[in-house]
Amino acid sequence: MSHQHPSDQRFETLAIHAGNTADPLTGAVVPPIYQVSTYKQDGVGGLRGGYEYSRSANPTRTALEENLAALEGGRRGLAFASGLAAEDCLLRTLLAPGDHVVIPDDAYGGTFRLFAKVFSRWGVEFSVADTSDPASVRAALTPRTKVIWVETPSNPLLNITDIEGLAGIARQAGARLVVDNTFASPYLQQPLALGADVVVHSTTKYMGGHSDVVGGALVVVDAALGEELAYHQNAMGAVAGPFDAWLVLRGVKTLAVRMDRHSENATRIAEMLTGHPRVSRVLYPGLPDHPGHEVAAKQMKAFGGMVSFQVADGEEAAVAVCDRAKLFTLGESLGGVESLIEHPGRMTHASAAGSALEVPSDLIRLSVGIESCDDLLADLKQALG
């Protein structure tokens, strides 16, 4: 399945062609779903195409992994059963008991839970920093810091971190910079080109794009680190199944056109909310008054499909808006073609309650889909009352 692509191809072309080699047997233009666990060997120890067992490698997963590496401009891509499985493999590869990590003060709740409840028992310590402020990150560093973790835009407060700036801080500290690129997608943002060491994705979100698959990915520049991650991926086994890999590969083909529409719709919605009397604050990096707007404009192609806002009348009013929405489906997750609405404090970020990562109780998070924006605006206006 390996297929070299000229590096001068543009993103939209790579999204459709990288890893997607026509099937040599039939000429099928879409890689087959190799729904298989094991492979006939050409004599003892003679692997045909390098495949022996689908935990170690599977041709459908290989196609996705090559595609992911090309889209992020990395040397190696690895596909996992979920975003958290990817994070777990990465952290167990990079860290040992006694090591220290700097995490954002507004990280995804599942990432926070992984550090606070799982890795803390394994002797890995973490400090929380405002990653949008370089001084805050420097203050959180210790001699044992091995990883600086960043989400930009962050979930759910949509804070922006200067990736290039933090890459410099990480290099000085002898730490690796890990960027969760789930909210932006590689179409809007290329962390490895800005100096990051590792990109993490929940491919469940924009990469898959259709709310029908759960998956995760890692992409790295350093081939040696890629080998080490692949060793751990096989040793621990939380790999993407062939059908899941195929669904993500299928979703990625339309990533560019989807992200253009998500960003366009989200911009119009953020502007409407900004002028609405029931809304006290709108969090969207595309708005000129967003504190991270200039950095976002520098490192992103557009501002993405996620919008958060705070309701003037408090928590109960925010919950009521979520309940009144009709076209916006009340649900967790994000990045699908359909619009979703949720109350992070009671839903996705409940695990952060009482911690430094607790989110405002009057906050609503929107995953703006690719429907007609006029219909979405009408639904929000009626939900706000």
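Here is a short tour of this predicted model, with something to select at each stop.

**Stop 1: a pair of helices**

Start by selecting residues 59–72, which form helix H2, together with residues 242–252, which form helix H9. Two packed helices are described by the angle between their axes and the distance between the axes. Here the angle is about 35°, and the axes lie 8 Å apart. The crossing of H2 and H9 is left-handed.

Now show the side chains where the helices meet. On the H2 side, pick Thr60, Arg61, Ala63, Leu64, Asn67 and Leu71. On the H9 side, pick Pro242, Ala245, Trp246, Val248, Leu249 and Val252. What classes of residue make up the contact of H2 with H9? There are nine nonpolar residues, two polar ones and one charged one.

**Stop 2**

**Stop 3**

Next, select Leu84, Tyr108, Asn155, Ser202 and Lys205. Of the 27 residues lining the second largest pocket, these lie nearest its centre. The space in this pocket comes to about 450 Å³.

By class, the lining has twelve polar, eight nonpolar and seven charged residues.

**Stop 3: two cis peptide bonds**

The peptide bond from Asn155 to Pro156 is cis, with omega near 10°. Then select Thr152 and Pro153, which are also joined by a cis peptide bond, this one with omega about -10°. Pro153 is in the loop between strand S4 (145–151) and helix H6 (163–173), and Pro156 is in the loop between S4 and H6 too.

**Stop 4: a positive phi**

Finish at Ser185, in helix H7 (residues 185–188). What is the phi of Ser185? Phi is near 75°, a positive value in a residue other than glycine. Why do these last two stops deserve a click? Because most residues other than glycine have a negative phi, and most peptide bonds are trans.

Methods:
Residues are numbered from 1 along each chain as its sequence is written. This is a predicted model: local features need pLDDT of at least 70, side-chain atom pairs count only at pLDDT 80 or more; totals for chains, interfaces and linings use all residues. Side-chain values use heavy atoms; hydrogens and water are left out. Axes are lines fitted to C-alpha atoms, for helices over the stretch in contact, and angles run from 0 to 180 degrees between N-to-C directions. Helices (H or I, at least four residues) and strands (E, at least two) are DSSP runs, numbered from the N terminus. A crossing is left-handed if the near helix is turned anticlockwise from the far one by less than a right angle, and right-handed if clockwise. Contact means heavy atoms within 4.5 Å. Ala, Val, Leu, Ile, Met, Phe, Trp, Tyr, Cys and Pro count as nonpolar, Asp, Glu, Lys and Arg as charged, and the others, Gly among them, as polar. On a 1 Å grid over the protein atoms alone, a cavity is a set of points where a 1.4 Å probe fits but cannot get out, and a pocket is an open set with protein on both sides within 12 Å along at least five of seven lines; lining residues have an atom within 4 Å of a point. Grid points are joined across faces, edges and corners, and a volume is the space filled by probe spheres set on the points.
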